[in-house]
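Grab a pencil and keep the viewer open. The exercises below are meant to be worked one at a time, each followed by its solution.

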Amino acid sequence: MRVELQHISKAFGRVRANQDISLTFEGGRIYAILGENGAGKSTLMKIMSGYQSADSGAILVNDQPATLSAPTDAIEHGIGMLYQDPLDFPPFTVLENFIAGRPGGFFPDSERARRAFLALTERFGFALDPDAYVDILTIGERQQLEIMRLLSLNVQVLVLDEPTTGISAEQKNALFSVLKSLARDDGMTIILVSHKLEDVIELCDYAFVLRRGRLVGQKAIPCPISDLVALMFGKVIERQERPLVVCGLPVLSVQDLRVISQRLTVEHLSLEVCESEVIGLAGLDGSGQAEFIRACTGLYPPENGVIRINGRDMTRASYHAFKRAGVAFLPAGRMEEGLIKGMTLTQHFALTLPSRAPWVNWMRAWRVTGERIQHFNVKGRPGSPVQTLSGGNQQRFALSLLPQKLRLLLLEHPARGLDVESANYIWEQLLARRANGTAIVFISAELDEIVAYSDGILVFFGGSVTLVEDPTEMTANRLGELIGGRL
Amino acid sequence: MAPTIRQRPSSSARTGATWRYVLDLLPAILAPFFGIAAALLIIVLILEWQGADPQVAWDYVYEGTLESAAKRADLVAFWMPLAVASFGLVLTYTAGLWNIGVEGQIMMGAIGATWAVRLFAESSSPPLGLRLGRDGILFMCFVFAALTGALWAFLAGVLKTRGGVNEIFSGVALNFIAQTFNMYLISNGGPWQPPGSRATETARFPENARLPSFEEYRRLSPTTIYITIGAFVVVALIMYVSRWGLQLRAQGKNRKSAFLLGVRTDRNTLLAMAACGSMAGLAGAFRVLAPDVTKLTATPSGGIGFLAILVVLLASMSAILTPFVSFVFAVLSKGGQRLESGFQWDHDLLLDRSLVRVLQSTIVLMVVLAFGARNRFFPPHSAQPAVDDEDVDRT
């Protein structure tokens, strides 16, 4: 079956997730949609599978325009999607999940469903017990169940979103052989959404590469892996020259930490960060960086291990204790975690300025707000509600709220959603803090950013971490390979 | 003093922005009025449809509440506990805490006040040998009421912060427990039911445990007025002057952000609940110590807790508006009682008395609906045109 996407565009507020994307999928082949986090892959596939609708553009199925306003529409047109998180109902059995979503009368015909189910498990060699409860299955087995469910609905195009995250090597091999067989023997179209280059090279015939919402290239596979990396990450910002850090006392010292992310357990995590050091955390979303950084600020209790701040054991201390020790945390979602919608800039300062008095010194808050927003170049008035600021100004304002003297600053995606100029401004401010001795640990999906600003890089992949001590030798391309698991 | 900003927008643009701001505010200000107008219209229609004269109905409400000085005194006596409970709720609702348990807290306050009466006024051997005069006894009543109410609210707070139980659910449960506990005390030979009595109430409190009242208006006590004014001042100071009030506002708008900005949200939750509970407890004390009651009855709160929740929601959690809104509700409630008897006896009205509840609810519903309509059709501009637009992602 042939599916054609024509000029698909989709925006979420200011973020243009997809811009004018046109591509064609032929039957009997396996495609890859490649791109780094936030490139727009998942959005495009959700549009194709009817989960979201595009702002503009058309979808042609076998040269006929198709309106896909719900996943059931897509399935009627033969397009089924396997989501990153399996969409099953854990309290039910495998067979009940298999039946769910099937067209049929009020009373499901479970005997026929069971026969269909067993026929499919036999064909693919899946060892699934139809009467087992889903919550005891592994992620890989739940995927198998979901694939069979989609196949039983006569899907001709199968979209898989990051299917190899969190499954074992054998399950991956089994999955790939099934997918190859479906493409070769049944003439199905398989679309793999991934940023794992290894998987793409191993499985796919053809790759489309997205970057920042645009289709930036396509390649027939096999091809050199470096070609795909270059397409995925684009140009590379040159690393800035700056004085090397002379390591003094460690500000943050982490030993043998264990954190549990959505699907992965990250173990044996150790790191020392000293004054004026900038550590970038690289890795795919959900590789444990977010949990790690939250553990270092008292927001996430680690399973195991020791966290020291300024040499003091603070492993299970509260967030407020970390704050008192000079640790600040700036999360990625500015309006959700960090700023308070409906409060003015002055109210934010009145809330955060240290004071022992039980009342608010509004004059002081007003004055400090004026000074700080001028210093941080925030375009807004002290009386503006914070949500009226634009994204870059919100980020600068969030930075201006941080206490002046900090030992350690932890940031998530400090420049996400900002244009180059705003991002540079944020980093100027951060590097000024670094010059004053503040240690900085940040998560970013922009590899250029990590390479450009870090004095050390911690790469998270598949439940383990690798420390790159000398990032001067590192390029975004090499880093891209590392976070894709190619060591 | 306006701090300098780099790019000062042109003055015309600024006037435009100010004008837009006023236009944005208008629907918010007008919403309750539209709601009340719509409610009155519907009420008139219902009454006409039932063949009753709306004018006569209003006369009953007026006569029952505002016509004579005595009625006005009764109205104030009803208004005070309602107002003091509403002030407490301003704190919790500002902090985003749906303190449904306020009804139970009022009841526990009533029980606490009664307990103090039993300990200090009725017992022959008061604790610590304290033989208090009337002022001392009443003082202990209010302290006990505030503490028991605070404790009841604190429980809901602990369940929320430590146990992760939503305060709405724990509030419903604690209301039920308070009601049951009250019934245990005063019915079926319960420990506080006078021996030989079959009425579900305690004996009347002794003379030295009754609130002083005005000479002409025996049912109204000046003490409740003073305490209510005091509570209002405290809540207004918290809300408009203190850092704590600002923290409550912040965590009510975004608990997570407030926490990350350094607000101790759990501690504030407990404190706000306890503060509200103590005021609810005082309301309970007002109800049992009222000069025309002076006993613990089966329904010591009379539903003013739920009424207070509506008051605070309609006042949009504004401490300044709360006294006025609670007054309106007091009129509706007292007037409704008079109207009910009118429905029963007056041949011009002869309607089912439950219609009063329908009419009262209509007003609440329409005002809430007006707020909803405002949010739906005139959403507050979440992003009014920012001063600049340079940060739009250009990629």
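Two strands pair if DSSP finds at least two bridges between them; strands (E, at least two residues) and helices (H or I, at least four residues) are DSSP runs, numbered from the N terminus. This is a predicted model, where local features need pLDDT of at least 70 and side-chain atom pairs count only at pLDDT 80 or more, while totals for chains, interfaces and linings use all residues. Residues are numbered from 1 along each chain as its sequence is written, and chains are lettered from A and ligands numbered from 1 in the order in which they are written.

**Exercise 1. Find the strands that pair with β11 (residues 250-260) of chain A, and say in which sense they run.**

Step 1: Look at β12 (residues 265-274) of chain A, which is joined to β11(A) by seven bridges and runs antiparallel to it. Within this pair, A:Val254 has A:Leu271 as its bridge partner.

Step 2: Now try β14 (residues 304-309) of chain A. Five bridges link β14(A) with β11(A), again in the antiparallel sense. Here A:Ser253 sits opposite A:Arg308.

**Exercise 2. Work out the strand order of the six-stranded open sheet in chain A, and which strands stand at the edges.**

Step 1: The order is β6-β7-β8-β3-β9-β10, with mixed pairing.

Step 2: β6 (79-82) and β10 of chain A are at the edges; each has a single partner strand, so one side of each lacks a neighbour in the sheet. From one strand to the next, the twist averages 20° (axes are lines fitted to C-alpha atoms, for helices over the stretch in contact, and angles run from 0 to 180 degrees between N-to-C directions).

Step 3: Follow the bridges. β6(A) and β7(A) are parallel, with four bridges, and A:Ile79 partners A:Val157. β7 (residues 157-161) and β8 (residues 189-194) of chain A are parallel too, with five bridges. In that pair A:Val157 faces A:Thr189, and A:Val159 partners A:Ile191.

Step 4: α8(A) touches β3, β9 and β10 of chain A, at about 30° to the direction of β9(A).

**Exercise 3. Is β7(A) mostly covered or mostly open?**

Step 1: Learn the rule. A residue is buried if 20 or more other C-beta atoms lie within 10 Å of its own, exposed if 12 or fewer, and partly exposed in between, with C-beta atoms placed from the backbone.

Step 2: Apply the rule: five of the five residues of β7(A) are buried, so call the strand mostly covered.

Step 3: Sort them by face. A:Val157, A:Val159 and A:Asp161 are on one side, and A:Leu158 and A:Leu160 are on the other. In a regular strand the side chains alternate between the two faces of the sheet.

**Exercise 4. Which residues of helix α8 (residues 225-233) of chain A are buried, and what do they pack against?**

Step 1: The buried ones are A:Leu228, A:Val229, A:Met232 and A:Phe233.

**Exercise 5. Turn to chain B: how many helices and strands does it have, and where is B:Asn208?**

Step 1: Chain B has 13 helices and zero strands. Of its 395 residues, 44% are buried.

Step 2: B:Asn208 lies in the loop between α6 (167-186) and α7 (222-240) of chain B.

Step 3: B:Asn208 counts as partly exposed because 16 other C-beta atoms lie within 10 Å.

Step 4: Leaving out residues up to four places away in sequence, B:Asn208 touches B:Ala121, B:Arg134 and B:Ile137.

Note on methods. Two residues are in contact if their C-beta atoms, placed from the backbone, lie within 7 Å.
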